[in-house]
Amino acid sequence: MDWSDIRVFLAIAREGTLIAAGRKLGQTQPTMGRRLRALEEAVGHKLFQRTSEGFTLTDEGAAMLTHAERMEEEALTIGRRLS
């Protein structure tokens, strides 16, 4: 798992669809789907429930979201301090 995978996870959690998350990150829908599947395999859990309306977090995804948001804040803090 690397930071770019966490960014994909956060974008999907926030945007609710692969298309919207892909637009936000400048990636295609298939790329977002592949990266999400790889992340889910790496952590050993489904992170989202796929529905006709989009993606909603599973219990495991909700637990991961808290940690991912902290990681994001730390990354942003590092960027600000080094700028």
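**Salt bridges, aromatic pairs and the nonpolar core**

D5 has a relative accessibility of 15% and therefore counts as buried (under 20% relative accessible area; exposed means over 50%, and partly exposed in between, with a 1.4 Å probe and protein chains only). The model is predicted, and local features need pLDDT of at least 70, side-chain atom pairs count only at pLDDT 80 or more, and totals for chains, interfaces and linings use all residues. Residues are numbered from 1 along each chain as its sequence is written, and side-chain values use heavy atoms, with hydrogens and water left out.

D5 is located in helix α1 (helices, H or I, of at least four residues and strands, E, of at least two are DSSP runs, numbered from the N terminus). When residues up to four places away in sequence are not counted, D5 touches R35 and L39 (contact means heavy atoms within 4.5 Å). With R35, D5 forms a salt bridge in which the closest N and O atoms are 3.5 Å apart (a side-chain nitrogen of Lys or Arg within 4 Å of a carboxyl oxygen of Asp or Glu). Because R35 belongs to helix α3 and D5 to helix α1, this pair ties together parts that are 30 residues apart in sequence. R35 itself counts as partly exposed, at 21% relative accessibility.

In the whole structure, the search finds six salt bridges. One of the salt bridges is formed by E72 and R14, with the closest N and O atoms 2.5 Å apart. Distant parts of the chain are linked by this pair, since E72 is in helix α4 and R14 in helix α1, 58 residues apart. R14 has a relative accessibility of 41% and counts as partly exposed. A salt bridge also joins the side chains of E73 and R80, at 3.1 Å from N to O. Here E73 is partly exposed, with a relative accessible area of 41%, whereas R80 counts as exposed at 52%.

Strand β1 (residues 48–51) and strand β2 (residues 54–57) run antiparallel and are joined by four bridges (two strands pair if DSSP finds at least two bridges between them). Two residues lie between β1 and β2, and the strands form a hairpin.

The aromatic residues were examined next. A pair of aromatic rings is described by the distance of the centres and the angle of the planes. The structure holds two aromatic pairs (rings of Phe, Tyr and Trp, for Trp the six-membered ring, with centres within 6.5 Å; planes under 30 degrees apart count as stacked, over 60 as edge-to-face and the rest as tilted). F9 and F48 form a tilted pair, with 5.4 Å from centre to centre and 50 degrees between the planes. This pair links distant parts of the chain, with F9 in helix α1 and F48 in strand β1, 39 residues apart. In the edge-to-face pair of F48 and F55, the centres are 5.8 Å apart and the planes make an angle of 75 degrees. Through these ring pairs, F9, F48 and F55 are linked into a cluster. Both F9 and F48 are buried; for F48 the relative accessibility is 2%. F55 is buried as well, with a relative accessible area of 17%.

In soluble globular proteins, nonpolar side chains tend to be buried together. In this model, the largest nonpolar core has 17 residues, and F9, I12 and F48 have the most contacts inside it (a set of buried Ala, Val, Leu, Ile, Met, Phe, Trp, Tyr and Cys residues joined through side-chain atoms within 4.5 Å). At least two residues of this core are supplied by each of α1 (3–15), α2 (18–25), α3 (29–43) and α4 (59–82). Helix α1 provides the largest share, six residues. Apart from its neighbours within four places in sequence, I12 is in contact with T17, L18, A21, M32, L36, F48 and F55.

A13 likewise lies in helix α1, and is partly exposed, with a relative accessible area of 25%. Not counting residues up to four places away in sequence, A13 touches F48, L57 and L65. Between the C-alpha atoms of A13 and A62 the separation is 9.0 Å, although these residues are 49 residues apart along the chain.
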